[in-house]
Amino acid sequence: MTGAELLLQALSQEGVKVIFGYPGAVLCALYDALLDSNIQHVLVRHEQGAVHAADAYARVSGQVGVCLATSGPGATNLVTGIANAYMDSIPLVALTGQVPTGLLGTDSFQEADITGITMPITKHSYLVKDARELPRIVKEAFYIARSGRPGPVLIDLPKDVLNQEVAQPEQAVLSLKSYKVFSKGNMGQIVEAAKALAESRRPVLYAGGGVINAGAENVLKAVVEKASLPVVTTLMGIGSLPSRHPNLLGMVGMHGTVTANYAVDACDLLIAVGVRFDDRVTSGLKHRFATQAKIIHIDIDPAEIGKVIRAHIPIVGDARLVLEGLLAHLVPPQTGPWWEQLRQWQADHPLGHESEGISPQLVIEKIGAIAGPEAVVATDVGQHQMWAAQYYPVFKPRHFITSGGLGTMGFGLPAAVGAQVAKPDKTVFLISGDGSFQMTIQELATVAQYALPIKIALMNNGVLGLVRQWQKLFFEERFSQIQLHANPDFIRLAEAYGIKGLRVEELSQVEGALQEAMAHRGPVLLDFVISPDEDVYPMVPPGKEITEMLGR
Amino acid sequence: MLHTLAVLVENHPGVLTRVAGLFARRAYNIESLSVCQTENPAISRMTIVVAGDDQVIEQVSKQLHKLVVVHKVTDLTGQAIVDRELALIRVRVNAETRLEVLQTVDVFRGRVVDMGRTNITVELTGDGEKIDAFVRTIRNYGLLELVRTGKIAITRSDS
């Protein structure tokens, strides 16, 4: 058996069904072995597409995503996507080809030190020197990727290792003496947290991506309902509680709802679950965030606790297990007056948009209504992403796929590919912008090749909207390099790939176009022509406290 | 404040890069670092001296723990420890100063490991302050070259 065959066997044993990849010279043995494997391979058009697709596959399915790229430029093209997965704690195994071990370190053709390059953006990495180690390394890589705080692991595979004939491989047994995973929280701390909750009068639960990673949505709902807790979420926490849940105040932070930001500012107890107090939430002001509150911080990564904000009650553990413990000891606090205040804020500062004609917020709401609660929506990065976070109704975890921490323009289209491959029977909508979309537009060919019935909603305003908004508000409308003057005709572009294209310029056309897109069996690109003057509000200006929002 | 961390890591290629890279990207400053294999050949011990307040040191320690190659991190600061550095120091001498320099070396319990016509080389072990004091004293005679290891430290026995 060759190293390549052994690798594929080990991947199968880890339950891998699909690899997103792109071949290259050093990977020939592996691509040859793939022909005889039952693992599906999705051929992307750029390695960045492979890693984003694998990332989104993981987000949607909850399984470890796998991508594959050749040595040198193939491997370096993965870097952005690996960083993206690392920032959002997504379980991913990136396989890279490498030059033969004898040539390592000699600057040989298509050589790049990819384990060195990715060291700060991976949980761990391996450079395989002997194919006999592959079963153990693959097992460890998947275990590290999915356990604890999930993240990307890279396995670098020299050509000769893939070609190596292996008679007696090592056993696939974990050998990770120094790797610890915290799961159950300290019961004393949980009891302490329950006591603090019972005594609080103005509690808020602040939920993030850790809730979704832990599969804690049901126990979260139970805790929230039993204690009448108001909930704010991060961008990554969207879907942890259904959008229409009465206890949900919305997203918190720079483009959060006014009520969510006021609530965090005024609360006397902040229960932070699976969050990392990102500066897009706290405005980077650390100790001017939730200043009146006692802070309970629940996180599986001990290093997150105390990194940004001192927690009064730190609990290291899996969000689901800790919340189950909390539920068992929960005594509902008296929150009547607090809810009156919150409802008043909601009435005074509703999330709303006003514009004549076709507005992106309205389009996004209509997509939500027509796509239905089972649809998966992927976004790119920019204004459309914030509008989607604010207006798209998300009913379940793992149904809102977005690049949170890294904010990677170009994530959207390959992410939609990964989502559709993970859930072939679901409606997958991509909400993108004309800037982001063009960063990975080549993946339209992947959509076409695999006949993925993705519905692409392009919020096309001809500008880099979020940067334009900053230039408008903070640089006296001195617009610099944000005009995308030579945008292609996106309809004709879609058609060039054999993808149906629909242009929507009037409000009256929106619903009909969306119905037509849903009725079409294949992929569709909807080009929504919107005004560049549409901005994202509310907005906390940089350096301001989260209560000082523009557009209240 | 300076903290001394004892970090047990796997004895593999690339481990030093992982640890040093972590310090660099999180903007923690390494004052000194020494690393060597331990009594168990699979494990290396790093003694890292790092500057920072308690919160910084807590983060350093937690972030180190997250590296798969790190087994154990102990903050030796404030504990009963024996710590040593080794220095090799070349000092200028002439007929007049030779005796004074040799006496100074004696006072600091140093050893002369090489002697030339115009200079001598001294080996000195001790804690950092002792070596600093020796260097200050000898500087008047003409300090030609100084090589100094990072700190190594071990906890004292319970008795």
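In what order do the strands of the open sheet of 6 strands in chain A lie? The points below begin with that sheet and then turn to domains, helices and single residues.

1. The model is predicted, and the answer to the opening question is β14-β13-β15-β16-β18-β17 of chain A, an open sheet with parallel pairing. At its edges stand β14 (400-401) and β17 (500-504) of chain A, each of which pairs on one side only.

2. On the side of β17(A), the partner is strand β18 (residues 524-529) of chain A, and these two strands pair in the parallel sense over 5 bridges.

3. How is chain A divided into domains? The assignment gives domain 1 (3-163), domain 2 (187-348) and domain 3 (360-529) of chain A. The C-alpha centres of domain 2 and domain 3 of chain A lie 31 Å apart, and the two are in contact through 14 residues of domain 2 of chain A and 14 residues of domain 3 of chain A. On the side of domain 2 of chain A that touches domain 3 of chain A, there are 6 nonpolar, 5 polar and 3 charged residues.

4. Chain B is assigned domain 1 (2-75) and domain 2 (82-155), and the C-alpha centres of these two domains of chain B lie 29 Å apart. Their contact takes 7 residues from domain 1 of chain B and 6 residues from domain 2 of chain B. On the side of domain 1 of chain B that touches domain 2 of chain B, at least two residues are supplied by each of β1 (2-10), β2 (30-37) and β3 (43-51) of chain B, and the largest share, 3 residues, comes from β2(B). By class, that side of domain 1 of chain B has 3 nonpolar, 4 polar and no charged residues.

5. The two chains also meet each other, in a contact that takes 13 residues from chain A and 15 residues from chain B. The side of chain A that touches chain B divides by class into 7 nonpolar, 4 polar and 2 charged residues.

6. Two packed helices are described by the angle between their axes and the distance between the axes. For helix α1 (residues 3-13) and helix α7 (residues 134-146) of chain A, the axes come within 9 Å and cross at roughly 35 degrees, and the crossing of α1(A) and α7(A) is right-handed. In this contact Gly3(A), Leu6(A), Leu7(A), Ala10(A) and Leu11(A) of α1(A) meet Leu134(A), Pro135(A), Val138(A) and Lys139(A) of α7(A). By class, the contact of α1(A) with α7(A) has 7 nonpolar, 1 polar and 1 charged residues.

7. A further helix pair is formed by α12 (residues 258-266) and α15 (residues 336-348) of chain A, whose axes come within 9 Å and cross at roughly 145 degrees, with α12(A) passing α15(A) in a right-handed crossing. Val258(A), Thr259(A), Tyr262(A) and Ala263(A) of α12(A) make the contact with Leu342(A), Trp345(A) and Gln346(A) of α15(A). The residues of this contact between α12(A) and α15(A) divide into 5 nonpolar, 2 polar and no charged.

8. Most residues other than glycine have a negative phi, and most peptide bonds are trans. Against that background, Ser89(A) deserves a look, with a positive phi near 55 degrees, in the loop between α5 (79-87) and β4 (92-98) of chain A. Is Ser89(A) buried or exposed? Ser89(A) counts as buried because there are 25 C-beta neighbours inside 10 Å, where the cut-off for buried is 20 or more.

9. Gln481(A) likewise has a positive phi, near 60 degrees, and is placed in the loop between α21 (465-474) and α22 (490-496) of chain A. Gln481(A) is exposed, since 8 other C-beta atoms lie within 10 Å, and the cut-off for exposed is 12 or fewer.

10. Finally, the peptide bond from Tyr537(A) to Pro538(A) is cis, with omega near 0 degrees. Pro538(A) is found in the segment after β18 of chain A.

Definitions and conventions
Residues numbered from 1 in each chain as written. Chains lettered and ligands numbered in written order. Predicted model: local features only at pLDDT ≥ 70, side-chain atom pairs only at ≥ 80, totals over all residues. Pairing = 2+ DSSP bridges. Helix = DSSP H or I, 4+ residues; strand = E, 2+ residues; numbered from the N terminus. Domains from an automatic or database assignment. Nonpolar A, V, L, I, M, F, W, Y, C, P; charged D, E, K, R; others polar. Axes fitted to C-alpha atoms, helices over the stretch in contact; angles between N-to-C directions. Left-handed = near helix turned anticlockwise from the far one by under 90°.
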